[in-house]
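Hi,

Here is the structure I said I would pass on.

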Amino acid sequence: KADMKNAGGIKKFGAAKKDDGLLFPLETFTANLAQGDGPRRFLRLNAVLKFNKKASEKEFRARKPQIRDTIINILNSKRPKDLLNKEGKGFLKEEIKAAINTYLIDGHVMDVYYVGFQIN
């Protein structure tokens, strides 16, 4: 199908969006969740932060300990039932973005992508 391929034979699915930002993956988080009625539970989370184009890798690297600490503190405050539904996961993304953006100078977090999310 020539209409879906460029001259090199690679499929094209559309142009990049203007709001595309810079992606910075974080190492895996393993954090205890807040104690609910049942046994102690923990969350294993793999996430990627999407920063605006004005963000610098230098600032991200310098702030990485703060970013990790912020995310761990947020996760420690959550109960399993807070995170087991779609709304809870979405609210967690917004909370992480807002918390990190309070101390960034050059850029800001536009989105948080979960690439692994497991509650045990």
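Below is what turned up, starting with how to read the numbers.

This is a predicted model, so local features need pLDDT of at least 70 and side-chain atom pairs count only at pLDDT 80 or more, while totals for chains, interfaces and linings use all residues. Residues are numbered from 1 along each chain as its sequence is written, and side-chain values use heavy atoms, with hydrogens and water left out.

Salt bridges first (a side-chain nitrogen of Lys or Arg within 4 Å of a carboxyl oxygen of Asp or Glu). Searching the whole structure gives six of them. In one, Lys 64 pairs with Glu 27 at 2.9 Å, N to O. Lys 64 sits in helix H1 and Glu 27 in the loop between S1 and strand S2 (29-32), so this pair ties together parts 37 residues apart in sequence. Helices and strands here are DSSP runs, numbered from the N terminus (helices: H or I, at least four residues; strands: E, at least two).

Lys 64 is buried at 14% relative accessible area, whereas Glu 27 is partly exposed at 43%. The cut-offs are under 20% for buried, over 50% for exposed and partly exposed in between, with a 1.4 Å probe and protein chains only.

Glu 27 also meets Arg 68 in a salt bridge, at 3.8 Å, N to O. Arg 68 lies in H1 too, so that contact ties together parts 41 residues apart in sequence. Another bridge joins Glu 57 and Arg 61 at 2.6 Å, N to O; both are in H1, four residues apart, about one turn of the helix. Shared partners link Glu 27, Lys 64 and Arg 68 into one network of salt bridges.

Now the helix packing. H1 (residues 57-76) packs against H3 (residues 86-101) at about 140°, with the axes 10 Å apart. Axes are lines fitted to C-alpha atoms, for helices over the stretch in contact, and angles run from 0 to 180 degrees between N-to-C directions. The two helices are therefore oblique to each other (under 35 degrees is roughly parallel, over 145 roughly antiparallel, 65 to 115 roughly perpendicular, the rest oblique).

What about Leu 92, buried or exposed? Leu 92, in helix H3, counts as buried, at 0% relative accessibility.

Over on strand S1 (residues 22-25), Leu 23 is exposed at 53% relative accessible area.

Cheers
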